[in-house]
Structure formats: C-alpha cells, structure tokens
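Have a look at the fold before reading on.

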Amino acid sequence: MSGLKLFAAFASSFLILASPAQAVGDAGTFYVLEVSVEGNEPIVYVKATGINNPDGCSSTSAISLTAVSEDVQDRMLATALTAKASGKRLGGWLNGCVSSPWGTIPKAINVSLKD
C-alpha cells in the first residue's frame with residue numbers, strides 16, 4: 001500500500017472514531033422565552049424550557065438556530081420571533097450540539113410554528 005493510501009486509510013478511520021455521534025432528532029415543542037442575535041457572524045439563540053436533547057448537549061436552556069444560508073437563517077429567526085410575539089410554541093429538528101455561553105446547546109436545523 002502506498003504511503004498516501006495508508007495515510008488516507010488511517011486519517012479516515014481516525015475521523016470516524018473521533019467524531020461525536022449526532023442524530024437528527026425532534027426538538028419537541030416549547031414556548032420561547034428570549035431570542036437574541038450575537039456576534040459578527042449572526043449567531044441566533046432561542047432561550048426556552050422543555051427543549052428535547054437527542055444528542056446529550058450539556059444544556060437545554062437554549063437552542064442555536066443554524067442554517068445552510070443567511071436567507072434560511074433569517075426565516076428561522078422570523079419564525080422564532082413570531083412564536084415569541086404570538087405566544088405560540090416553537091418546534092423543529094435538532095442535529096448536534098454547539099458551544100454557547102451556557103455550555104453546549106442543541107443546534108436547530110429547522111424550526112416551525114406550533115399551535
């Protein structure tokens with residue numbers, strides 16, 4: 001086996017073993033307590049109680065709204081603000097944990113307004 005192939009095999013097996021397990025999971029439904037946007041790159045936090053924790057993050061006092069594009073993140077933010085303003089619940093899907101001021105929190109990959 002060539003040196004490059006051997007290195008690639010070693011590196012890929014290391015990444016598989018070192019990667020934390022993540023599973024897309026239901027966020028549950030919860031009332032929004034606070035929505036905040038921080039930082040140079042917009043980081044959106046939604047504080048709430050009753051958030052599910054499928055990936056075992058260290059805190060579930062908030063979720064991070066993380067999207068594939070600014071446009072989608074803006075729509076997620078608008079949905080969270082609508083939930084807060086209307087008193088409706090928020091739900092969605094979570095995938096993994098992200099660092100935050102409260103420890104690691106669930107990362108929301110989509111959100112939806114609930115009755």
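Helices (H or I, at least four residues) and strands (E, at least two) are DSSP runs, numbered from the N terminus, and two strands pair if DSSP finds at least two bridges between them. This is a predicted model, where local features need pLDDT of at least 70 and side-chain atom pairs count only at pLDDT 80 or more, while totals for chains, interfaces and linings use all residues. Residues are numbered from 1 along each chain as its sequence is written, and side-chain values use heavy atoms, with hydrogens and water left out.

pLDDT is the predictor's confidence in each residue, from 0 to 100. The chain averages 83, and 80% of its residues score at least 70.

**Strands around β5**

| β1 and β5 | antiparallel | two | G25 and L94 |

**The core**

A nonpolar core here is a set of buried Ala, Val, Leu, Ile, Met, Phe, Trp, Tyr and Cys residues joined through side-chain atoms within 4.5 Å. Buried means under 20% relative accessible area, exposed over 50%, and partly exposed in between (1.4 Å probe, protein chains only). The largest such core has 17 residues, and F30, V46, I63, L65, L90 and A108 touch the most other members. Elements giving two or more residues to this core include β2 (30–38), β3 (43–48) and α2 (70–86). Helix α2 gives the most, with four. Leaving out residues up to four places away in sequence, L90 touches partners that include F30, V46, A83 and V111.

**The disulfide**

A disulfide is a pair of cysteine sulfur atoms within 2.5 Å. The whole structure has one: C57 and C97, with sulfurs 2.0 Å apart. C57 lies in the loop between β3 and β4, and C97 is 40 residues away in strand β5. The link is left-handed, at -95° about the S-S bond. Is each cysteine buried or partly exposed? C57 counts as buried because its relative accessibility is 7%, whereas C97, at 30%, is partly exposed.

Definitions and conventions:
Contact means heavy atoms within 4.5 Å.
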